[in-house]
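My entries follow in the order in which I made them.

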Amino acid sequence: MLVEREAESCYLGQFIPLQYHHNMLMDANRMDNFKAAIQRQVFDGAKVLELGGGTGVLSWFAAQSAAKVYCVEFNPDMVAEARRLLSMNRHGDRVEVIHADAFEYVPPEPVDFVICEMIHVAMLREKQVEVIENFKQRYAAAFPGEPMPVFIPEAILMAVQPLQQRYDFSGYQAPIIQFQLGGVFTADTVELAPPALYSIIDFTQANDVWIHWDGQIAIEQSGQLSALRFITKNILAIVSETNSTIDWLNHYMALPLKTPMNVVAGDVLNISFQYRTGGSIDSLQNNMKVSIEAKIPQRQSQLSMAMAP
């Protein structure tokens, strides 16, 4: 029988099937931006640790400059696969694949960088925040006086956006969770207002594993509010010379509201939610609360006009 953490990791994404890892290798958005960030950050001769290494590709990016890379993976099948793949690639011998739990592992020596990509939209399902915060405590205890490594990603920005989302599938009405490509227009989705930033996770600082937000968004486009879209932008590296960043934008996640509501431009939405990072999508969806704070006189007549056929 699996212990609690093993059972949770199987559900929450730590034991991702091998074929899914191979799909991630084909994700140019993810691969190109991580490669650019790692090449920029990792200097010649550096020591690097990756927590949750999967196929070992991000460790391999680091190994092109680093003298030593410790690649920690909890799934024994992926440990064997990473070792096989790294043996086929230049400088793969600089990567030591270690079968261990990222929640418990401490490197045998101080490292300059920590790569960790346990990231899901809204920081749900996977344990990025908890893994990093636990690692900081273990590392400080193991190497007192040593500076904390640079983390890749360096920070996470999260935003929420009200949508009019169509849920008609060949005539079948099915309001369900949807994952959407960023920047891709579809007639099924109408943005009712710009995204509002609700959380910044800066890995140079201590971070709470709980996310709480109670904010307002002004509606700019009249329509039917039927979903909240969650947007997660990962700051992989900060380029100080150009005051820019190397980013990785996760797929958008649109969560349907239990009860859609009609809105008009000028309405102000009161939105609140809370969830634990690494928790289930349901834990967020079941805690979403949305109400309208009308700011326009004669709102009812405007609403009638906006909704008229």
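I began with the side chains of Asn234 and Asn250, which are joined by a polar contact of 2.6 Å (a pair of N or O atoms within 3.5 Å, where within protein one must be able to donate a hydrogen and the other to accept it, and residues adjacent in sequence count only if both atoms are side-chain atoms). The model is a predicted one, in which local features need pLDDT of at least 70 and side-chain atom pairs count only at pLDDT 80 or more, while totals for chains, interfaces and linings use all residues. Residues are numbered from 1 along each chain as its sequence is written, and side-chain values use heavy atoms, with hydrogens and water left out.

Is Asn234 buried or exposed? I found Asn234 buried, at a relative accessible area of 0% (buried is under 20%, exposed over 50% and partly exposed in between, with a 1.4 Å probe and protein chains only). Asn234 sits in strand 13 (strands are DSSP runs of E with at least two residues, numbered from the N terminus). Neighbours within four places in sequence aside, its contacts (heavy atoms within 4.5 Å) include Pro153, Ile156, Trp248 and Asn250.

I then moved along to Leu228, which also lies in strand 13 and is buried with a relative accessible area of 0%.

Last, I searched the whole structure for salt bridges and noted 12 (a side-chain nitrogen of Lys or Arg within 4 Å of a carboxyl oxygen of Asp or Glu). Glu109 and Lys47 form one of them, at 2.8 Å from N to O. Because Glu109 lies in the loop between strand 3 and strand 4 and Lys47 in strand 1, this pair ties together parts that are 62 residues apart in sequence. Lys47 is partly exposed, at 24% relative accessible area.

Notes. Helix = DSSP H or I, 4+ residues; strand = E, 2+ residues; numbered from the N terminus.
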